[in-house]
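Please open the model in a viewer and keep the selection panel at hand. The stops below proceed from the whole chain to single residues.

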Amino acid sequence: LALESDLRAAIRGNQFSVHYQLQVDEDGNSVGAEALLRWQCPGRGMVSPSEFIPLAEESGLIGQLGYWVLEDVLFQIANWQLRGDLLSELPIAVNVSAKQFHLPSFCSTVMEILRKTGASPRNLKIEITESALAYDLTIVEETLRTLRSMGVRVSLDDFGTGYSSLGYLKRLSLDELKIDQGFVRDILDDPNDAAIAETILALASALRLSAVAEGVETERQRERLLQMGCKRFQGYLFSRPLPVSAFEALIEQSA
Ligand code: G
Ligand code: G
Ligand code: MN
Ligand code: NA
């Protein structure tokens, strides 16, 4: 496949970068960011991770690509920590695909990169989707426990869109649920979406997990979520995913 060989070349070459999207609290203070991978392919232009991540998983390249992302982000975190300002305190969420999460070497790889970069594990949050839970649950539990014993936080992305049962939340050691943008988009007009978002927030609160609403694009969506008890927000209303320098400028200007 042509895209697959381009992807191999991209990993060897220097065609990837990481963009950062701000997360804020109810007062608009910066509280973290999500790292989002970007591929600038010479022949294709910007290719979305939703196209190439599945391909990387199928072709066995996800280990290498996932390593590259973690290393890039953790070097960046270590760099920010040297500055000792607000940037040094922000937890950064890294998306990890189901296949990557289930590589037997996943936890030791995270540990190795933490050691190599000197980044604090407290500043790293691993974002997994419900598809990562559709494996032997004993193994999932073990991996999550190992990560959290290292001081790394774990967030469940796209919550409510996959196949996980609520019972998983009881067994798994998680820190955060992310309310999928699919529930936020029509939250003002669709009573079902509003009910689901509100239920996720109540569930997170009862289980002592934090909750982040994604895809917040308007002030009215933010207000509605705020009324429901939401305390963490991410979306174009606050910022698009930005290249490192623009993200740093955004944080400095808001601090
Ligand atoms: O930012 P964007 O719309 O391009 O992201 C598209 C999808 O790709 C999202 O589902 C996001 O979680 C995923 N994604 C972005 N960066 C990464 C990454 O580094 N690793 C993995 N596995 N998925 C990513
Ligand atoms: O699957 P995941 O939740 O990781 O994907 C996040 C995706 O959502 C990224 O592709 C990111 O670029 C995109 N995104 C972030 N904020 C917004 C937003 O406010 N509106 C829309 N439509 N997409 C967003
Ligand atoms: Mn995500
Ligand atoms: Na999501």
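The tour that follows names what to select at each stop and describes what is found there.

**Conventions**

This is a predicted model, in which local features need pLDDT of at least 70 and side-chain atom pairs count only at pLDDT 80 or more, whereas totals for chains, interfaces and linings use all residues. Residues are numbered from 1 along each chain as its sequence is written, while chains are lettered from A and ligands numbered from 1 in the order in which they are written.

**Stop 1: the whole chain**

Along the principal axes, the C-alpha atoms fill a box of roughly 50 × 45 × 35 Å. The radius of gyration of the chain is 18 Å, which agrees with the value near 18 Å of a compact globule with 255 residues. That radius is taken over C-alpha atoms, and the globule rule is 2.2 Å times the number of residues to the power 0.38.

Of the 255 residues, 35% are buried. A residue is buried if 20 or more other C-beta atoms lie within 10 Å of its own, exposed if 12 or fewer do, and partly exposed in between, with C-beta atoms placed from the backbone. Among the contacts with a separation of 6 or more, 66% join residues 24 or more positions apart; two residues are in contact if their C-beta atoms, placed from the backbone, lie within 7 Å.

**Stop 2: helices H1 and H2**

Next, select residues 2–12 (helix H1) and residues 49–58 (helix H2), which pack at an angle of about 90° with their axes 10 Å apart. Axes are lines fitted to C-alpha atoms, for helices over the stretch in contact, and angles run from 0 to 180 degrees between N-to-C directions. The two helices H1 and H2 are therefore roughly perpendicular to each other, a term for angles of 65 to 115 degrees.

Show the side chains where they meet: Leu 3, Glu 4 and Leu 7 come from H1, and Phe 52, Leu 55 and Ala 56 from H2. This contact of H1 with H2 comprises five nonpolar residues, no polar residue and one charged residue. Ala, Val, Leu, Ile, Met, Phe, Trp, Tyr, Cys and Pro count as nonpolar, Asp, Glu, Lys and Arg as charged, and the others, Gly among them, as polar.

**Stop 3: the two ligands**

Which residues surround ligand 1? Select ligand 1 and display its shell, which includes Leu 36, Leu 37, Ser 48, Pro 49, Ser 50, Ile 53 and Val 69. A residue is near a molecule if its C-beta atom, placed from the backbone, lies within 6 Å of it. Strand E2 (30–41) and H2 are the elements that give two or more residues to the shell around ligand 1, and H2 gives the most, with three. By class, the shell around ligand 1 has seven nonpolar, four polar and no charged residues.

Now select ligand 2. Around ligand 2 there are 13 residues, of which the closest are Gly 215, Glu 217, Gly 235, Tyr 236 and Pro 241. The shell of ligand 2 divides into four nonpolar, five polar and four charged residues. Pro 241 is also listed in the shell around ligand 1.

**Stop 4: Gln 40 and Met 46**

Select Gln 40 in strand E2. Beyond its neighbours within four places in sequence, Gln 40 is in contact with Gln 15, Ser 17 and Met 46. Gln 40 and Gln 15 are 25 residues apart in sequence, and their C-alpha atoms are 5.5 Å apart. Gln 40 is partly exposed, with 13 other C-beta atoms within 10 Å.

Move to Met 46 in strand E3 (residues 45–47). Is Met 46 buried or exposed? Met 46 counts as exposed, with 8 C-beta neighbours inside 10 Å.

**Stop 5: Phe 101**

Phe 101 lies in helix H4 (residues 98–101) and is buried, with 23 other C-beta atoms within 10 Å. Apart from neighbours within four places in sequence, Phe 101 is in contact with Val 96, Phe 106, Ile 128, Ala 132 and Thr 143.

**Stop 6**

Most residues other than glycine have a negative phi. Select Asp 158, whose phi is near 55°, in strand E6 (residues 153–159). Finally, select Arg 208, which has a positive phi of about 55° and lies in the loop between helix H9 (191–206) and strand E8 (210–213). Arg 208 is exposed, with 7 other C-beta atoms within 10 Å.

Notes: Helices (H or I, at least four residues) and strands (E, at least two) are DSSP runs, numbered from the N terminus. Angles under 35 degrees count as roughly parallel, over 145 as roughly antiparallel, 65 to 115 as roughly perpendicular and the rest as oblique.
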